[in-house]
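Visitor: I would like to learn how to read strands, helix packing and chain contacts from a model. Could you take me through one, giving the general idea before each case?

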Amino acid sequence: MDTINQKDTRQMSENEMIEELSNREYKYGFETTIEMDVIPKGLNEDVIRLISEKKNEPEFMLEWRLNAYRHWKTMDFPPWANLKIDPIDFQDIIYYAAPKKKEKLQSLDQVDEELLNTFDRLGIPLLEQKRLAGVAVDAVFDSVSVATTFREKLGKLGIVFCSFNEALLEHPDLVRKYLGSVVPYRDNFFATLNSAVFSDGTFVYIPKGVECPMELSSYFRINTANIGQFERTLIVAEEGSSVSYLEGCTAPMRDTNQLHAAVVELVALDNAKIKYSTIQNWYPGDKNGKGGIYNFVTKRGLCKGRNSHISWTQVETGSAITWKYPSCILRGDNSVGEFYSVALTTNYQQADTGTKMIHLGKNTSSTIISKGISAGHSNNSYRGLVRMTKGANNARNFSQCDSLLIGNQCGAHTFPYLEVENNSTSVEHEATTSKIGEDQLFYLQQRGLSMEDAVSMIVNGFCKEVFRELPMEFAVEAQKLLEIKLEGSVG
Amino acid sequence: MLEVRNLHTKVDGKAILKGIDLSVKAGEVHAIMGPNGSGKSTLTQVLAGREDYEVTEGEVLYKGRDLLEMAPEIRAREGIFVAFQYPVEIPGVNNSYFLRTALNTIRRHKGLEDIDAFDFLEMIKTHMSDIGMDPGMLDRSVNEGFSGGEKKRNEILQMSLLRPDLTILDETDSGLDIDALKIVAAGVNRFRQPDKAIVVITHYQRLLDYIEPDFVHVLWNGQIVKSGQKELAFELEERGYDWLREAALNGGR
């Protein structure tokens, strides 16, 4: 273990400044200088024991991690996605880096000022007086959660909203009951790796009958070079409860790729509703495709109870490579699963994203609305599975996958998979691919709009069905984000 | 306001306009008539700034400035408006939002403040009732699922909202029944003012029964072969375009 003092990007050379300006479309590319507790690169059982020890975890957790690691060693990198991925050297990654704590924090005012400034710059103020009204935030910096706002107020309603590590210490039975119940540690290559080395994340528990009065959110920030971020989120909504949760993500600009492999598990019991929204803006790499985050994420929700409802909404604009399929297992009768997605790729970005809707219960229904936008040299694939099992009487699915191409050098692909084992079910699939219309652009320009405003108006119109699923303030943010990302991609 | 001098253009290497001269002053309404393929649409597209049209010779001055140097959106902001023959559909983009964005873009160019959503709504509803448009059209996507007549009315609505100095109506009468035609024409006529110029491009004379032009020009094979006053339109209606072919071949104007 050693301590490193990282470079301060605010004292840049002229060349670096020019570089920074030429990449101005990614405004979260700065790096924070702070004393960090970093373990050496590499992965083995000792590293896992060290992570577990640093976090004072209960014994069962360490065992679970080691089981996952032993299983992971038998697994191969999944080859099936429509992605070009340079080989990843898993021994060349740092698996744990955390800001050094001076002593145990009594309140948020004691959070290191550099960290508070970092989240301020990201638009996520953590201090009481500056907080976003109506949104509680868990701020995750590299491997650990550094602050969680509104905990006490939520606690009065019996809602648990804290870092994963705190949940392990304070609510070990709850965690043990649900951890891995939706994404088992043997699930897939990246989820298994995450199970072995995950360092923190968010835990949410909504008790029976409680409607969470505010948006809950996690903000993930990767800071340290060469680190892999592996967080886990677990959300449990008891009978008749409801919660809306949002996550955002950013990272500094670097010319090497960094790995982010998260796992999210959602459990909805009878009549419970979970709405999970993501605005993903990891550093996508530069114009030539150098650097950027590899975003390999496993997200799955279990509609365990009758009439339960899980809704995924994602706006994916960042990362060099995105590999992610937020899914729903519709086990309870009458349960509802939804997936609304906007995936934008520009320059040399690649995305292979979609969903799985597994219908087990009777009268279950699912809706998939996917909007892929490709510009530059990017490649954007939708991959989705709808499975109607034998017991899924009268289950219904509707899927709509639309692709929009900007320019001539990008690609859009659709890979729908259908598995129907029950004749009483209905499955509808619609797909379109279109090029952004020159006639549309010209029409808007003839009304005074600049080319860029015209593109962003058309793209936002294309994404409307998804944006309207986002909480109000984030819908505005998502629109702006698309505008920024599309700058310079046309003309 | 608009001076077109000896304008030649090519599309995909093929000459379409072969020396157009046209002078339009503020307060005037000009009609440009001609058979299919005569170059009417091309003239509209060139004036609006469509890229695929290559100007090989000649010049166009708008308010004394070189129009061909201006980007399409600058032309729009400087007061040129084209009511399109086939207005495109833009799915998911709210009509009201689109109209307000266009208006504010042009207002900003003129150094005016943005108009807020409430004032805008009041303003647009007055304009809509003037041309008999259902306010429900505001909440729909731009032109999406609009009938031919509704699309044309939406164009006239934009004209009356954006208050351009030079309006070009490109085959605005095509696809309209007589009632819709009257309403659209009434909208245009309300807009006839001493500081505004209007160019009506049409194949048929019937629109000119309702929008009376000050001047009529006949476009044939990329050239204006005859100019006159509104009586010329009646003559065309009676005799068709064929008699002009000979005039053109004889080099007459």
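Visitor: In which sense do S22(A) and strand S24 (residues 426-435) of chain A pair, and over how many bridges?

Guide: Strands of a sheet pair through backbone hydrogen bonds, either parallel or antiparallel. Two strands pair if DSSP finds at least two bridges between them, and the elements themselves are DSSP runs, numbered from the N terminus, with helices being H or I of at least four residues and strands E of at least two. Here S22(A) and S24(A) pair in the parallel sense over 10 bridges, and within this pairing A:Leu405 stands opposite A:Lys435 in S24(A). Strand S22 (residues 396-405) of chain A also runs parallel to strand S20 (residues 365-374) of chain A, to which 10 bridges join it, with A:Arg396 in S22(A) as the bridge partner of A:Ser365.

Visitor: Before going on, how are residues and chains labelled, and what kind of model is this?

Guide: Residues are numbered from 1 along each chain as its sequence is written, while chains are lettered from A and ligands numbered from 1 in the order in which they are written. This is a predicted model, in which local features need pLDDT of at least 70 and side-chain atom pairs count only at pLDDT 80 or more, whereas totals for chains, interfaces and linings use all residues.

Visitor: What is the strand order in the open sheet of four strands in chain B, and which are the edge strands?

Guide: The order is S2-S1-S4-S5 (chain B), with antiparallel pairing, and the edge strands, each pairing on one side only, are S2 (14-24) and S5 (65-66) of chain B. Strand S1 (residues 2-11) and strand S4 (residues 54-62) of chain B pair over seven bridges in the antiparallel sense, and B:Glu57 in S4(B) is the bridge partner of B:His8.

Visitor: How do H3(B) and H5(B) cross, and which residues make the contact?

Guide: Axes are lines fitted to C-alpha atoms, for helices over the stretch in contact, and angles run from 0 to 180 degrees between N-to-C directions. Helix H3 (residues 95-109) and helix H5 (residues 148-162) of chain B have axes that come within 10 Å and cross at roughly 30 degrees; the two are therefore roughly parallel to each other, the class for angles under 35 degrees. Two residues are in contact if their C-beta atoms, placed from the backbone, lie within 7 Å. B:Leu99, B:Ala102, B:Leu103 and B:Ile106 of H3(B) make the contact with B:Gln158, B:Leu161 and B:Leu162 of H5(B). These residues divide into six nonpolar, one polar and no charged, where Ala, Val, Leu, Ile, Met, Phe, Trp, Tyr, Cys and Pro count as nonpolar, Asp, Glu, Lys and Arg as charged, and the others, Gly among them, as polar.

Visitor: At what angle do H5(B) and H6(B) cross, and how does their contact divide by class?

Guide: The axes of H5(B) and helix H6 (residues 178-190) of chain B come within 10 Å and cross at roughly 10 degrees, and the helices are therefore roughly parallel to each other. By class, their contact has four nonpolar, three polar and two charged residues.

Visitor: How many residues does each chain give to the contact between chains A and B?

Guide: Chain A gives 16 residues and chain B gives 20. On the side of chain A that touches chain B, helix H9 (438-446) and helix H10 (451-462) are the elements that give two or more residues, and H9(A) provides the largest share, six residues. That side of chain A divides into six nonpolar, seven polar and three charged residues.

Notes
Parallel < 35°, antiparallel > 145°, perpendicular 65-115°, else oblique.
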